[in-house]
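Here is a short walk through one protein model. Keep the structure open and follow along.

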Amino acid sequence: MDNKSQQGFTLIILICTIVFLSLMAVVAFRFTILSQQQVNLSLLSAKAQMAAKSALEVAVLHYENDPKNCPSQEIIFDESLGALRGVEVHISCVSEEKKQNMSMSDTGIYLKAEAIYRDPKSQKALINYETGQWVPYPS
């Protein structure tokens, strides 16, 4: 092999190496972006779960103080509430008669909390978390 052929072969190997490394960089970048999105969704899910559970606890306390009134409400966490800002929580009540397949002998209500986190720009719901708790009538 002469010197010109060897230089041409080296150039082809160099171009192939650059293309391969570029593709690997693109794949690594996409993997990093997807991983970051997964972490963000996990954090938002945890935020929604904490907001729903805290609002549910407040609703239970309101019901125990005044069991004749359903503590249904809508809570929107704003900037003053720090880490939970941007989460909406809807508290609703389902009485024992309306709750299907309820085998409890106590009277009381089922409190349901639904937490929603919306994209600030598009207002599209990104996270929707629901939880609930049976609360017996206070004695």
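Is Q123 buried, exposed or partly exposed? At 46% relative accessibility, Q123 counts as partly exposed. The cut-offs are these: buried means under 20% relative accessible area, exposed means over 50%, and partly exposed lies in between (1.4 Å probe, protein chains only). Q123 sits in the loop between β3 and β4. Its backbone deserves a look: Q123 is not a glycine, yet it has a positive phi of about 60°. Most residues other than glycine have a negative phi.

A word on the basis. This is a predicted model, in which local features need pLDDT of at least 70 and side-chain atom pairs count only at pLDDT 80 or more, while totals for chains, interfaces and linings use all residues. Residues are numbered from 1 along each chain as its sequence is written, and side-chain values use heavy atoms, with hydrogens and water left out.

Now the overall layout. Along the sequence they follow the pattern α-β-β-β-β. Helices (H or I, at least four residues) and strands (E, at least two) are DSSP runs, numbered from the N terminus. Of the 139 residues in the protein, 22% are buried. The protein exposes about 10200 Å², and carbon and sulfur atoms supply 59% of that area. Accessible areas come from the Shrake-Rupley method with a 1.4 Å probe; for residues, only the protein chains shown count as cover. Take the contacts between residues at least 6 apart in sequence: 52% of them join residues at least 24 apart. Contact here means heavy atoms within 4.5 Å.

Next, the interior. In soluble globular proteins, nonpolar side chains tend to be buried together. A nonpolar core is a set of buried Ala, Val, Leu, Ile, Met, Phe, Trp, Tyr and Cys residues joined through side-chain atoms within 4.5 Å. The largest such core here holds 22 residues, and F77, V87, V89 and L111 touch the most other members. Helix α1 and strands β2, β3 and β4 (125-136) each supply at least two residues of this core. The largest share, nine residues, comes from α1.

V87 shows how the pieces meet. Setting aside neighbours within four places in sequence, V87 contacts A48, A51, I75, I76, F77, A115, I116 and Y117. I76 lies in strand β1. At 53% relative accessibility, I76 counts as exposed. Not counting residues up to four places away in sequence, I76 touches V87 and E88. I76 and A115 are 39 residues apart in sequence, with their C-alpha atoms 9.5 Å apart in space.

E88 brings us to the charged pair. A salt bridge is a side-chain nitrogen of Lys or Arg within 4 Å of a carboxyl oxygen of Asp or Glu. By this rule the count comes to one. The partners are R118 and E88, whose closest N and O atoms are 2.9 Å apart. R118 lies in strand β3 (residues 108-118) and E88 in strand β2 (residues 87-95), so the pair ties together parts that are 30 residues apart in sequence. E88 is buried, with a relative accessible area of 15%. R118 is partly exposed, at 27% relative accessibility. Apart from neighbours within four places in sequence, the contacts of E88 are I75, I76, E114, A115, I116 and R118.

Which cysteines does a disulfide join? C70 is linked to C93, with the sulfur atoms 1.8 Å apart. A disulfide is counted when a pair of cysteine sulfur atoms lies within 2.5 Å. The structure holds one disulfide. C70 lies in the loop between α1 (3-65) and β1 (73-76) and C93 in strand β2, so the pair ties together parts that are 23 residues apart in sequence. The link of C70 and C93 is right-handed, with 95° about the S-S bond. Both ends are partly exposed: C70 has a relative accessible area of 40%, and C93 has 24%. C16 is also partly exposed, at 45%.

One last stop is T107. T107 lies in the loop between β2 and β3. At 48% relative accessibility, T107 is partly exposed. T107 and W134 are 27 residues apart in sequence, and their C-alpha atoms are 9.8 Å apart in space.
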